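Hi,

Here's the structure I said I'd pass on. Have a look, and my notes on its charged side chains follow below.

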Amino acid sequence: MPRGDLFPDIAPYETGLLPLSHSGAGGPAHVMYWEQVGNPRGQPVLFLHGGPGAGAGAVHRRFFDPLHWRVVIFDQRGAGRSRPLGELRDNSTPKLVEDIETLRRFLGIDRWLLFGGSWGSTLALAYAQAHPDRVAGCVLRGVFLGRQDEVEWFLYGLRRVFPDAWASFAEHVPPEERGDLLTAYLRRLTHPDPAIHLAAARSWSNYEGLCSTLLPSPETVASFAQDRSALGLARIEAHYFAHDLFLPPEGLLARMDRLAHVPAEIVQGRYDMVCPPTSAFELAEAWPMARLTVVPDAGHSALEPGVRTALVSAVERFRRRPPGF
């Protein structure tokens, strides 16, 4: 799809690999890939990719004016260019929150704007609630609050709108296992045989890609189906789903008092089927400093025309705020 309303392609001015921790007893060490793009003296903004496990790409640099913003992008544990790919040991939301703080201190940043969609919105909220003084604001898209009903919707509810895509997803496992698709998939996604775990990863990721746009987008589906992105996305997503996203029992909405002073922009596709709009509306209700923009002709993907335009506009509104927001 054309992306002329985003900023031009740009290469990072700095990249690196940051050691984090060992992935359990005897396991390999997690190493985070990170990059900086734009203006080294600009206002810092942190891009948080979705999934969990999807990884970031070059197009994600293009939501930000490179003359103004110091853009920090990283791949979360087990995702993208971070290593080891698809590693589940020592991989949880609290660990990712720690990783963000490690990266912030390493780069010498005091406060930053958070930009995240789908799982990226979940992680942005978890980090902001843990470290509110380090957050100048949030731009969130396709809100996902990590609740059980949201996970159940993804695993089963989507068949009401995408019965064909769901049928292919469910038929990857035998009929007797379809009552618990998460367990069935997780067993295959963690199987040591690449023929088994890659086939499951492709099926899971293809399903998510097919359901992510308002209109069919072969480009979106193809990007989800690539082996490297599919394995990180499917395996880590299933792992997080099986552990209630490693979020506090009371949920993220119960902690919104910690963000009462933090300004936010929420962008939501009206026909987002992966993360239905209910969560975005509930978040906006719980966040007096949030502005909600509903894109009337869009689904879930950040790259749908109306969504990406709304996201760029939201970032630009933060740019026009007084220094320090």
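First, a term: a salt bridge here is a side-chain nitrogen of Lys or Arg within 4 Å of a carboxyl oxygen of Asp or Glu. Bear in mind that this is a predicted model, where local features need pLDDT of at least 70, side-chain atom pairs count only at pLDDT 80 or more, and totals for chains, interfaces and linings use all residues. Residues are numbered from 1 along each chain as its sequence is written, and side-chain values use heavy atoms, leaving out hydrogens and water.

The structure has 22 salt bridges. One of them joins Arg 317 and Glu 265 at 2.8 Å, N to O. That pair links distant parts of the chain, with Arg 317 in helix H10 (residues 305-319) and Glu 265 in strand S7 (residues 264-269), 52 residues apart. (Helices, H or I with at least four residues, and strands, E with at least two, are DSSP runs numbered from the N terminus.) Glu 265 is buried, at 4% relative accessible area; buried means under 20%, exposed over 50%, partly exposed in between, with a 1.4 Å probe and protein chains only.

Helix H10 also holds Arg 319 and Glu 316, three residues apart, about one turn of the helix. Their side chains form a salt bridge at 3.6 Å, N to O. Arg 319 is partly exposed at 29%, while Glu 316 is buried at 18%.

Then there's Glu 35 with Arg 61, a salt bridge at 2.7 Å, N to O. Glu 35 sits in strand S2 (residues 29-38) and Arg 61 in the loop between strands S3 (43-48) and S4 (69-74), so the pair ties together parts 26 residues apart in sequence.

Cheers
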